[in-house]
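Welcome, and please open your viewer. This is a short walk through a model, one selection at a time.

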Amino acid sequence: MIAAVVALLVGAALGTVAALEIERRRRGRALSRRSPVGRIAFPFTGEGLSEPALVAALRLARAEGATLMPVYLALVPMRLPADVPLPAEAEQATALLEAVEQRALRAHVPVDSRIERGRTVRHALRELMEHERFERMVVAAGADGRSEGFSAEDVAWLVEHAPGELIALRPAQPSSS
Amino acid sequence: MPSSRGRLKVFIGMAAGVGKTYRMLQEGQAEAEAGRDVTIGYLEPHGRIETESLAGGLEMVPRRRVHYRETPFEEMNLPAILAREPELCLIDELAHTNAPGLEHEKRYEDVRDVLDAGIDVYSTVNVQHLESLNDQVTQLTGTRVRETIPDAVLSQADEVVLVDLTPEALISRLRAGKIYPPERVPAALNNFFKIENLSALRETSLRQVAEGVEVKRLAPAATPAIGTRREDRLAKSAATQAISERLLALVTLSPRAQRVVRRAWRSAQRLGAELDLLAVRQPGHAGGRSDGDTGQQEREQLEALRRLASILGAQLLVEEGDDVAEVAIRVARERGTTYVLMGAPKPRNAWRRLTQPALPFRLLKGLPGVDLRIVADRTLREEAPAPAGEEPPL
């Protein structure tokens, strides 16, 4: 009699554990089905982070259920070896990427940050394209007196070379009124 | 009575038997041959014939016999050395604790008196006797050394000479009976004299001396501040750098790893520490076996981590293993890690929670004395929900 009760209790306990595990896996599968598939690259330099470009990138990522990939482009001075550690650049990259990640978190956009290095902005962009896969790229185009965007030459180069879709945001003209 | 303070030269090594005393005697002999008045204040040859023969020809100040609880002890005779007034005195075992009832509790305090009398001193010490390294060495070797000296003693030395020997060579010397009598050799080999212990101690010694060199190089040489002796400033500076921190960040091959690594790097920067990154893969993954999207994503994340590590000046270690805790503990011990950082562990199922402690607990248990920090996953933080029908703000 006691043995039967014990067996019943053990069986019930095992059944509960199995049911919980099945439910956990089911939820996991459901989550993975919802996980984003596309990636939107958002490169920027230590010169500054363009607010309108970031908002556009976040909006696009959220609308498409994509992952935002903010990429800090670290520039290696010509006098240094190309693979040298860059603590000063890394310090700045860390601060900017943290800021972007916080914004992405608030907007419920998944994020996968990167730091890419190059001798010039264009070299770093080329390295980015070689190393990472993404479906879209959002960049800020610089304008006179503004530093937080890519130069016209770099944007033109991206139009020619970037894989997938390129969205270049021209900064708003200052209001005359 | 000489007017200026004597100069202190310390011969430091990773363990007994590397040849500190031998080197001290060699240099003492050279000084004597050069015409200086050299005496041996205290020598502990440990019955080593080579050491005893090298002491030949040098005057030795007789030891004094003291009794403590009816047990006789032979100690260095400080008053006799001061009365003898040699130019250079060789005093072995700087970290020695004197028998009670003598002028000072510790030999380094006796040495200070000798230096104050204007006598130069050569002395010896093992790295595990340094106060700030005592805990670290205990963790590395499992053996706690009771006789310690303040780091300032070493940082105030005019010269520090590292007597270095490879662990393999030291063990050969031990087996050949050149360090301890034959009956003590098996116990020594089973306890302290293991390759991994000696390798860790050797690295610690090398770092200690290198840091001392750097402290002296960086310290301003001229115009000391009023009321501040240069030695005091050096000692203060050295004290802050005496313990070398080494961080190990555990990373998964997922987007979360980038943030964990950046956090770890910032901590390493603040501590002036080296940073190692450890990714543990299931056996069979490291060879680049193709296993669908997951494998492809893991490879991409691994490459991204390599590039990040290169920019940060960190070292990425990729190990294979079924048990992350086991691998992490092994690597942390091998690398002399003092600080482990990891991301928040994934929630575990009920069965795992029942049968196995969580990774942080296993790390804490397997790495006693090592700090552990868990970097929060921001995506798990509770956020205020957006009003119904509205998207969260950008």
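**Where two helices cross**

Start by selecting helix 3 of chain A together with helix 11 of chain B: their crossing is left-handed. Keep in mind as you look around that this is a predicted model.

From helix 3 of chain A, pick A:Ala90, A:Thr94, A:Leu97 and A:Glu101; from helix 11 of chain B, pick B:Arg259, B:Arg262, B:Trp265 and B:Arg266. Colour this contact by class and you will find 3 nonpolar, 1 polar and 4 charged residues.

**The wider contact**

Now widen the selection to the whole contact between the chains, with 27 residues from chain A and 23 residues from chain B. Which elements of chain B give two or more residues to the side that touches chain A? They are helix 11 (256-271), helix 12 (292-312) and helix 14 (350-355). Helix 12 gives the most, with 7 residues. By class, this side of chain B has 11 nonpolar, 5 polar and 7 charged residues.

**Inside chain B**

Finally, select B:Ala249 and B:Leu277, which touch the most other members of the largest nonpolar core, a set of 73 residues. Beyond its neighbours within four places in sequence, B:Ala249 is in contact with B:Val260, B:Val261, B:Ala264, B:Leu275, B:Leu277 and B:Leu341. Apart from that core lies another, of 48 residues, including B:Ile12, B:Leu43, B:Tyr108 and B:Ile179.

Notes. Residues numbered from 1 in each chain as written. Chains lettered and ligands numbered in written order. Predicted model: local features only at pLDDT ≥ 70, side-chain atom pairs only at ≥ 80, totals over all residues. Contact = placed C-beta atoms within 7 Å. Helix = DSSP H or I, 4+ residues; strand = E, 2+ residues; numbered from the N terminus. Nonpolar A, V, L, I, M, F, W, Y, C, P; charged D, E, K, R; others polar. Core = buried A, V, L, I, M, F, W, Y, C linked by C-beta atoms within 7 Å. Buried ≥ 20, exposed ≤ 12 C-beta atoms within 10 Å, placed from the backbone. Left-handed = near helix turned anticlockwise from the far one by under 90°.
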